[in-house]
Amino acid sequence: MRASLGTAVTDGRAATWIAGAILLAFPTVGLLAKHGMSALGIALAVLLGALVLAGRRWPWPGWALVLPVAGLLAVQALDLLIPPSCPPCAARWPQAAGAAVLLLPLAAGGMIAAAQLDRTLLRRAVVAGVVLGAAVAIVELGLDAPIYRVLNGRDAGEVVALSRYNRGIVALVLLAMVAAGILWREGRRLPAAGVVALTAAASMLGVSLIAHLGIALALATLAAAAVGERLVRIAMVVVVAVQMLTAPWVAASVYDWVVTENVAISDMAIRHRLELWDHGAALALERPWTGWGLDAFDHRPIAPERLARAVRMTKPEPHPHNAGLQLWVETGIVGVLLGIAFLGAVAWRIGCLPRAVRPWATAVLAAALLPGLVSFGIWQTTYLAMIAVAAFAAGLLRKEGE
């Protein structure tokens, strides 16, 4: 029995079973319990990492990825010591650092080979997980959350907001692009299109604008990358870099124009974003070199004059819903440049993949960047976990020997 167990650990079977189960469950868990994505992503990283270390192997992510992340964490740690520091921010730094250390090796792509994973089985797990997740999403969004009500003991008359499914739908979109790529590379073009169509249908039943835009952006990027994937990646890095570098000035200017011209904005969520971005721009320009530290956006007070003209913003929020502004506020221009360097390293790593894989990986990257740029906090563990798991799954697009 011990010999059999030991063989399963050393030959990759145990790692394959673990990874397969998590990839199969991930989209559904993300829909029914969004914070479960954090647990599953970290469990996958820890368990695979332990099995790899047991075999005396380690998939080093590479200095190009490690150095920018280490630099960002170092700047955040330094900000905890420089007055006026943010003492409450210290509680979150170990969590962000721990998530980065655990999830970066998982996302970097070397874990599949190091753990001797069965790619065929895991490809099936990704596709099955996406189909199952899309079916659950259609049931939940189309029939007023019956599974959620049963699992949580909610009454039939109680309102269940569709927004609670937003993060799960975004994770489903990311993994759907991987599943479609797997099927497409196997020559199964119709099933690949079917997976995308099923995911798009599930997404449209919900209210997540980020998910709607994400799948459209992924498909547009895929089409463009099929013609010129290198140019698409360069354009993506340049556009995101410009957005991040100019975020404080652009955010303030747009909001001033909205207020001065009394521009009518029917979507109050957009108005709220603009007000948060204006507050973030002010914080960024107050301390532009190294920022205020991790989570500072949630702890720095809003200027009274900004509160006076705000319609939706009444208090600080955990993050500004904008990756560029978040890096400016937390780590200043130093952190912004490190963030751009990390994105450039990711784009370069995609360029090292087999040619047939690059358009799919580029499309997944585009869909993964969008939520961070306009919605999610970049250090939220659920966001980091969904990106890491999607990146890990994207490694399955490579065929044996490639």
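**View 1. Helix α5, residues 93-108, in the predicted model.** Let's start with a helix of 16 residues: α5 reaches 22 Å from its first C-alpha to its last, close to the 22 Å expected at 1.5 Å a residue. Look along the helix to L102, where α5 bends by about 25 degrees. A proline, P105, follows within four residues of this bend. Just after the helix, G109 takes a positive phi of about 105 degrees.

**View 2. The buried residues of α5 and the helices they pack against.** Several alanines of α5 are buried, among them A96, A97, A99, A100 and A108. L103, L104 and L106 are buried too, and so is P105, the proline that follows the bend at L102 within four residues. For the partners of these buried residues, find α3 (36-54), α4 (63-79), α6 (111-114), α14 (323-351) and α16 (381-394).

**View 3. D144, in the loop between α7 and α8.** Here we move to the loop that joins α7 (119-142) to α8 (146-152). Most residues other than glycine have a negative phi. The phi of D144, however, is positive, near 65 degrees. D144 has a relative accessible area of 43%, so the residue counts as partly exposed.

**View 4. D295, in the loop between α12 and α13.** Our last stop is another aspartate, found between α12 (268-286) and α13 (304-309). D295 is a residue other than glycine with a positive phi, near 65 degrees. Is D295 buried or exposed? D295 counts as buried because its relative accessibility is 11%, and buried means under 20%.

Terms used: Residues are numbered from 1 along each chain as its sequence is written. This is a predicted model: local features need pLDDT of at least 70, side-chain atom pairs count only at pLDDT 80 or more; totals for chains, interfaces and linings use all residues. Side-chain values use heavy atoms; hydrogens and water are left out. Helices (H or I, at least four residues) and strands (E, at least two) are DSSP runs, numbered from the N terminus. Buried means under 20% relative accessible area, exposed over 50%, partly exposed in between (1.4 Å probe, protein chains only). The expected span of a helix is 1.5 Å times one less than its number of residues. The bend at a residue is the angle between axes fitted to the seven residues ending there and the seven starting there. Contact means heavy atoms within 4.5 Å.
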